[in-house]
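Let's take a friendly walk through a structure, one piece at a time. Have a look at the picture first, then read on.

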Amino acid sequence: MSNYEFIETRAEGGIGFIELNRPKVLNALNRGMISEILAAMEDYDRSEEVQVIMLSGKGRCFAAGADIDEMANADSISIEMLNQFTDWDRLAWIKKPIIGAIHGFALGGAFELALCCDLLIAAEDAEFGFPEVNLGIMPGAGGTVRLTKLAGKTKAMEWLFTGKRIKAAEALHYGIINKAVSKELLLEEAVRFAKKIAAQPPLSIRFIKESVLKAIDSSIYEGMQYERKNFSMLFSSQDQKEGMRAFIEKRKPDFSGR
Amino acid sequence: MFETVTYEVRGNTAWLTLNRPEKLNAFNAQLNKDVQKAVKEASKDPNIRVIVLTGAGRAFCSGQDLEGVDEQTDLGDVLRTLYNPMVLEIEKCEKPTIAAVNGVAAGAGMSLALACDFRIASEKASFLQAFIHVGLIPDAGNLYFLPRLVGHAKALELAVLGEKIPAEEALRLGLVTRLASADHFLEETAAFAERLASMPTKAIGLIKRNLKASWHENLEEFLERDAQGQRIAGQTEDHREGVEAFLSKRKPVFRGE
């Protein structure tokens with residue numbers, strides 16, 4: 001696809017792959033990399049070939065964290081004026097499902113990037129964590145928000161206060177990840193999982209994602225209204241007709257994404 | 001390389017010898033750290049396919065060195081900072097580990113032997129759950145590994161009564177893999193280590209991994225683990241070699257790849 005400096009991309013079998021590609025610095029996230037991830041995701045979001053986006057890291061780990069060199073000399077005003085987290089905000093607007101395949105470390109900004117994914121598959125030896133507190137700062141790209149929404153206040157505060165690493169088994173226990181798999185098979189298993197979703201009717205997947213994300217942030221009443229609108233809307237799709245016809249005729253549906 | 005552990009590579013085996021013979025290889029902080037670092041080193045070295053832990057001199061390991069421990073010592077912290085990281089390093093290791101128990105393995109020395117995959121004991125060796133005699137409990141994973149080896153009731157009996165367990169009895173209890181003669185202890189241990197070193201190393205690692213998981217997973221989760229484990233093993237060079245050797249009726253040569 002496009003020429004990126006910090007990531008590698010390829011689309012295959014309905015899956016749009018994005019690999020963080022700064023293995024020499026353990027894929028430390030710099031602003032350029034986040035911009036490229038966003039650009040690649042927005043491309044995939046518009047591409048007819050891609051149903052599911054898969055994010056992973058090349059080399060020894062997903063990513064060890066944000067590029068500290070980039071921030072060490074910053075002051076409040078420069079950070080504010082840079083407004084660097086708008087790219088992160090836009091990651092949340094991607095409509096297609098994003099699966100993160102995590103191995104090794106996902107710390108700090110890298111954990112926040114993982115939490116931007118809709119689903120996470122982790123190698124059994126993966127470790128997550130927010131060590132920001134040890135540097136005299138705190139997460140700034142959604143860490144305190146997304147982790148709290150996922151795992152609740154109690155554990156979120158513990159992990160954020162201490163900077164303690166969360167191992168894959170514990171992350172699974174608290175619903176931060178969907179599965180832990182053998183480290184040797186991470187990508188294979190993540191692709192197997194992604195293919196199942198890529199084979200589903202894309203409009204259903206799209207509106208389900210939208211409704212679930214809406215539910216996280218709104219009252220039950222508002223969420224229900226939103227869900228109902230999306231539910232009604234799917235009845236204008238060819239896939240709804242095909243899906244129900246196939247069910248009645250006891251055959252496999254052939255979805256077109258329309 | 002290490003102050004209190006000698007580290008020798010013989011063929012594909014790393015020999016880690018606890019080397020404080022004048023103290024019967026009792027653990028001080030340095031020995032805890034050296035064992036941990038040496039096991040890590042051997043785990044990382046792609047040439048190493050088996051790790052042997054043994055003791056210099058008469059004893060395997062007599063447990064915690066009581067010098068430097070007094071009423072002020074926070075034993076919980078000693079475990080958290082010294083023993084637990086050592087035990088976890090051994091537990092994490094995917095290569096087969098052998099405790100070559102040349103003499104007495106008492107207290108935390110017994111725990112160290114229990115943390116290994118195999119225990120080869122000299123006829124002269126013995127095990128001792130010494131903790132109860134000073135009003136303490138077996139630590140460093142001892143009470144975790146012991147019931148998995150000998151069953152709950154026997155583990156309780158050994159831990160509470162704290163009687164000396166001679167090598168013969170240890171064999172009968174399933175506490176040790178096999179006995180070796182005192183005169184040819186190192187040769188017999190080396191032969192066993194070499195045998196393991198010529199086996200499919202990745203498959204051994206996966207067997208270790210899955211057996212451990214079997215203690216805390218339900219059958220459905222475990223069967224998925226089986227599928228993943230076999231998928232990994234099925235992609236190894238050693239599997240290909242094994243099948244090819246079987247078909248051409250020759251002995252396989254496994255390279256641990």
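## Ground rules

Two residues are in contact if their C-beta atoms, placed from the backbone, lie within 7 Å. Helices (H or I, at least four residues) and strands (E, at least two) are DSSP runs, numbered from the N terminus.

What you see is a predicted model: local features need pLDDT of at least 70, side-chain atom pairs count only at pLDDT 80 or more, and totals for chains, interfaces and linings use all residues. Residues are numbered from 1 along each chain as its sequence is written, while chains are lettered from A and ligands numbered from 1 in the order in which they are written.

## Helix α8 of chain B

Which residues of α8(B) are buried? They are T201(B), K202(B), A203(B), I204(B) and L206(B); buried means that 20 or more other C-beta atoms lie within 10 Å of a residue's own, exposed means 12 or fewer, and partly exposed is in between, with C-beta atoms placed from the backbone. Their cover includes α9 and α10 (237–247) of chain B. L211(B) also sits in helix α8 of chain B, but L211(B) counts as exposed because it has 11 C-beta neighbours inside 10 Å.

## α8 meets α9

The axes of α8 (201–214) and α9 (219–234) of chain B come within 10 Å and cross at roughly 175 degrees. Axes here are lines fitted to C-alpha atoms, for helices over the stretch in contact, and angles run from 0 to 180 degrees between N-to-C directions. So α8(B) and α9(B) are roughly antiparallel, the word for angles over 145 degrees.

On the α8(B) side, the contact includes K202(B), A203(B) and L206(B); on the α9(B) side, F222(B), R225(B) and D226(B) are among the residues taking part.

Two strands pair if DSSP finds at least two bridges between them.

A106(B) stands opposite L128(B) in β7(B).

Methods: Angles under 35 degrees count as roughly parallel, over 145 as roughly antiparallel, 65 to 115 as roughly perpendicular and the rest as oblique.
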